[in-house]
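Here are a few exercises to work through with the viewer open. Try each one yourself before reading its solution.

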Amino acid sequence: MFNFKAEFYLKIIFLLSLFALISAYSIEFILGHQPCNLCLIERIPYGLSIIFIIAIFILKKNENFFVLLLILTFIFSFAISVFHLGIEQGFFQESAICDVKNVNENLTKEDLLKQLSKKIVSCKDVTFRIFGLSLTSVNIVISFMIFFMLTKIYFRYEEFKSKS
């Protein structure tokens with residue numbers, strides 16, 4: 001990688017996260033492709049990264065701590081995406097996360113029938129592809145790239161900070 005400042009990398013990660021969320025919501029609401037529950041969970045790290053990066057730029061302290069939180073966030077993103085890809089490819093069986101919309105609610109018979117009548121997207125069904133890849137596959141690549149950038153920032157933080 002190039003020897004740019006940490007701020008540059010964080011801006012790139014911010015833009016990637018923003019683009020990922022805008023793309024996911026556009027595919028859902030404009031193109032009409034319904035996400036499964038794991039797809040919805042895969043959006044969380046991008047939202048968190050936007051919040052953490054804004055915190056880094058506003059607070060201007062504890063940057064290394066926030067970078068560590070970002071690293072953990074994208075480890076989670078990578079892990080959940082690999083699990084989702086395993087379900088898509090048939091390596092893993094769908095879990096309860098894939099089937100139920102609201103586990104915490106006490107469901108009446110009518111609510112249960114209403115929920116069963118709705119079309120729930122299975123985690124193993126790929127409804128949208130880019131260049132033949134599922135969005136989960138794309139998310140694996142993006143999560144790994146962001147993880148790599150963040151790890152570089154974290155372990156070379158003092159060097160990056162001195163170039164600011």
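**Exercise 1.** Is Ser 134 buried or exposed?

*Solution.* First, the ground rules: this is a predicted model, where local features need pLDDT of at least 70, side-chain atom pairs count only at pLDDT 80 or more, and totals for chains, interfaces and linings use all residues. Residues are numbered from 1 along each chain as its sequence is written, and side-chain values use heavy atoms, with hydrogens and water left out.

Now the cut-offs: buried means under 20% relative accessible area, exposed means over 50%, and partly exposed is in between (1.4 Å probe, protein chains only). Ser 134 has a relative accessible area of 3%, so Ser 134 is buried. Ser 134 sits in strand E2, residues 133-134; helices (H or I, at least four residues) and strands (E, at least two) are DSSP runs, numbered from the N terminus. Setting aside neighbours within four places in sequence, the contacts of Ser 134 (heavy atoms within 4.5 Å) are Leu 85, Glu 88, Val 126, Phe 128 and Arg 129.

**Exercise 2.** Which residues have the most contacts inside the largest nonpolar core?

*Solution.* Such a core is a set of buried Ala, Val, Leu, Ile, Met, Phe, Trp, Tyr and Cys residues joined through side-chain atoms within 4.5 Å. The largest has 21 residues, and Leu 10, Leu 70, Ile 146 and Leu 150 have the most contacts inside it. The elements giving two or more residues to this core are H1, H2, H3 (63-89) and H6 (135-155). Next, look around Ile 146: apart from neighbours within four places in sequence, Ile 146 is in contact with Ile 13, Leu 16, Tyr 46 and Phe 74. There's also a second, separate core of 7 residues, including Leu 38, Ile 80, Ile 87 and Cys 98.

**Exercise 3.** Classify two of the aromatic pairs: Tyr 25 with Phe 29, and Phe 52 with Phe 66.

*Solution.* Rings of Phe, Tyr and Trp (its six-membered ring) pair if their centres lie within 6.5 Å; planes under 30 degrees apart count as stacked, over 60 as edge-to-face and the rest as tilted. The structure holds 9 such pairs. Tyr 25 and Phe 29 have ring centres 6.1 Å apart and planes at 5°, so that pair is stacked. They are 4 residues apart in helix H1, about one helical turn. Tyr 25 is partly exposed at 40% relative accessibility, while Phe 29 is exposed at 60%.

For Phe 52 and Phe 66, the centres are 6.2 Å apart and the planes at 45°, so the pair is tilted. Phe 52 lies in H2 and Phe 66 in H3, so the pair ties together parts 14 residues apart in sequence. Both are buried: Phe 52 at 16% and Phe 66 at 12%.
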